[in-house]
Amino acid sequence: MSRNSNYRSSSLYHIFKLISYTIRAFVLPNPFIPFIKVLSAKFNYTGDIIGLAIAFNFLLGNFILHYTTYGVVGTAYRKSENPILGSVLYFIIFWLNSMALIGLGMLSSLFNLWIMFIGFIITLLIESYILLKLRERIMI
């Protein structure tokens with residue numbers, strides 16, 4: 001690979017990384033709001049639920065989403081293989097995990113929160129399995 005094409009792919013990676021971060025930080029909804037609402041109702045908390053969800057997302061939620069997403073993407077992507085592909089996969093899986101948490105959080109008012117936690121773990125396992133199978137097909 002020439003130095004010029006390597007520079008272009010690096011530039012594309014950084015551009016996509018910036019776009020991905022901007023969308024994740026400012027466009028995607030906070031996936032922990034439904035859980036905080038349910039927990040607030042269970043503990044009779046009547047304060048600022050949205051503020052509490054934002055604080056939770058800032059202090060712990062992003063950590064949870066980052067490492068679960070990073071782990072799932074790691075089943076199909078090896079560091080430095082293709083940074084743009086890794087960044088795209090990270091964004092897609094992050095979005096899927098956020099949507100899964102929102103959906104499970106909405107159901108959590110009907111079911112126990114532990115069942116929703118198990119549902120999220122199952123979601124992560126299914127994503128990992130699909131990415132692993134895709135990697136096997138691509139590598140063969």
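Start by selecting helix 2 (33-42), helix 3 (residues 49-73) and helix 5 (residues 113-139): each of these supplies at least two residues of the lining of the second largest pocket. Helices here are DSSP runs (H or I, at least four residues; strands are E, at least two), numbered from the N terminus. Before you click further: this is a predicted model, so local features need pLDDT of at least 70 and side-chain atom pairs count only at pLDDT 80 or more, while totals for chains, interfaces and linings use all residues. Residues are numbered from 1 along each chain as its sequence is written, and side-chain values use heavy atoms, with hydrogens and water left out.

Now bring up Phe32, Phe35, Ile64, Leu101 and Phe117, which lie nearest the centre of that second largest pocket among its 15 lining residues. A pocket is found on a 1 Å grid over the protein atoms alone, as an open set of points where a 1.4 Å probe fits, with protein on both sides within 12 Å along at least five of seven lines; lining residues have an atom within 4 Å of a point. Its space comes to about 330 Å³, a volume being what probe spheres set on the points fill, with points joined across faces, edges and corners. Helix 5 gives the largest share of the lining, 6 residues. Colour the lining by type and you get 14 nonpolar, 1 polar and no charged (Ala, Val, Leu, Ile, Met, Phe, Trp, Tyr, Cys and Pro are nonpolar, Asp, Glu, Lys and Arg charged, the others, Gly among them, polar).

Phe32 is buried at 6% relative accessible area, whereas Phe56 is partly exposed at 26% (buried is under 20%, exposed over 50%, partly exposed in between, with a 1.4 Å probe and protein chains only).

Next, Trp114 with Phe117. Ring centres 5.9 Å apart and planes at 85 degrees make this pair edge-to-face too. The two are 3 residues apart in helix 5, so about one helical turn separates them. Trp114 is exposed at 62%; Phe117 is partly exposed at 47%.

Which residues lie nearest the centre of the largest pocket? Select Lys17, Arg24, His66, Tyr70 and Tyr90, out of 28 lining residues. The volume is about 790 Å³. Helix 1, helix 3 and helix 4 (83-107) each supply at least two lining residues, and helix 3 gives the most, with 7. This lining divides into 14 nonpolar, 10 polar and 4 charged.

Stay on Arg24 and show Phe94: the charged end of Arg24 sits over that ring, 5.3 Å from its centre (CZ of Arg or NZ of Lys must be within 6 Å of the ring centre and within 35 degrees of the ring normal).

Last stop: Arg78, in the loop between helix 3 and helix 4. Arg78 is partly exposed, at 37%, and its side chain reaches the backbone oxygen of Gly74 at 2.4 Å.

How values were computed:
Rings of Phe, Tyr and Trp (its six-membered ring) pair if their centres lie within 6.5 Å; planes under 30 degrees apart count as stacked, over 60 as edge-to-face and the rest as tilted. A polar contact is a pair of N or O atoms within 3.5 Å; within protein, one must be able to donate a hydrogen and the other to accept it, and residues adjacent in sequence count only if both atoms are side-chain atoms.
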